[in-house]
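I opened this notebook to record what I looked up.

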Amino acid sequence: MKVKKIKVLLLIGLMTLGTLAKAQSVQAADEEVKKAKEWISTLALKDDAKEDRLVQVVATHLSLIKDWHNSHPASTVPAGINPLDGKPLSELHRQIIADSAMPSTIHQDLMSGLRKDLSEDQVALVLDKYTIGKVAFTMKGYQAIVPQMTAAETAEIQKLLEKAREQAVDFKSMKQISAIFEIYKTQAEQYLNNNGRNWRQMYADYTKKIKAEKAAKSNSK
């Protein structure tokens with residue numbers, strides 16, 4: 001009798017946990033749907049059926065990356081070193097590794113779902129929502145730092161930043177998104193160095209200029 005009673009109690013406990021987990025999942029889905037509706041509404045599509053499909057695509061993607069992130073903490077990746085510099089992997093690095101192991105179909109479903117109903121420019125607007133406009137913000141920084149930036153330089157750096165944006169949408173936190181952009185910013189700076197520019201010197205000159213402008217503004221008060 002005792003064994004049977006224990007089994008019953010365990011079953012009730014599991015059912016309770018299952019109910020709680022389901023409730024949490026529904027709540028999380030509601031949050032993702034709200035965010036998706038806000039993002040898609042900015043496109044002003046004026047097509048309810050299309051908007052509903054797109055909201056479902058984005059909300060599903062947001063829910064899946066959140067669930068994967070929450071079920072794959074940094075601790076699931078063994079501590080080790082970064083083979084590029086030999087330094088210990090940070091918790092952020094380990095979390096990025098864990099999240100990047102997410103099935104590629106999750107990203108593919110997002111992109112194919114968006115492209116089914118949107119132009120490439122509209123797709124870019126949605127991806128900008130995920131990454132809070134980091135492509136335009138970062139490009140503006142390069143244009144301020146690089147003197148007389150050429151059309152070829154602009155096109156190459158834009159292409160790299162767009163790659164960063166698309167990869168970054170599969171990560172949960174802004175720290176992770178910023179880290180993904182850093183990968184492509186490094187590539188952009190290497191491109192500039194390989195094509196007659198000196199990134200370190202340009203950045204130093206820009207920093208010096210900003211400091212001088214701040215000092216002049218302060219002295220004029």
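Which residues lie nearest the centre of the second largest pocket? I found Lys-35, Trp-39, Leu-62, Tyr-130 and Lys-172 there, among 17 lining residues. I note that the model is predicted: local features need pLDDT of at least 70, side-chain atom pairs 80 or more, while totals for chains, interfaces and linings use all residues. Numbering starts from 1 along each chain, and side-chain values use heavy atoms, without hydrogens or water.

A pocket here is an open set of points on a 1 Å grid where a 1.4 Å probe fits, with protein on both sides within 12 Å along at least five of seven lines; lining residues have an atom within 4 Å of a point. I read a volume of about 270 Å³ for the second largest pocket. Helix H1 (2–41) gives the most to its lining, with 4 residues.

Next I looked up the largest pocket. Its space is about 320 Å³. Its lining includes Asn-82, His-93, Phe-171 and Ile-183. H3 (91–100) and H8 each supply at least two lining residues, and H3 gives the most, with 4.

Then I turned to H8 (residues 174–194) and H7 (residues 151–168). Helices are DSSP runs (H or I, at least four residues). The two axes come within 9 Å and cross at roughly 160°. H7 and H8 are therefore roughly antiparallel (angles over 145 degrees). Their contact (heavy atoms within 4.5 Å) includes Leu-160 of H7 and Phe-181 of H8.

How values were computed: Axes are lines fitted to C-alpha atoms, for helices over the stretch in contact, and angles run from 0 to 180 degrees between N-to-C directions. Angles under 35 degrees count as roughly parallel, over 145 as roughly antiparallel, 65 to 115 as roughly perpendicular and the rest as oblique. Grid points are joined across faces, edges and corners, and a volume is the space filled by probe spheres set on the points.
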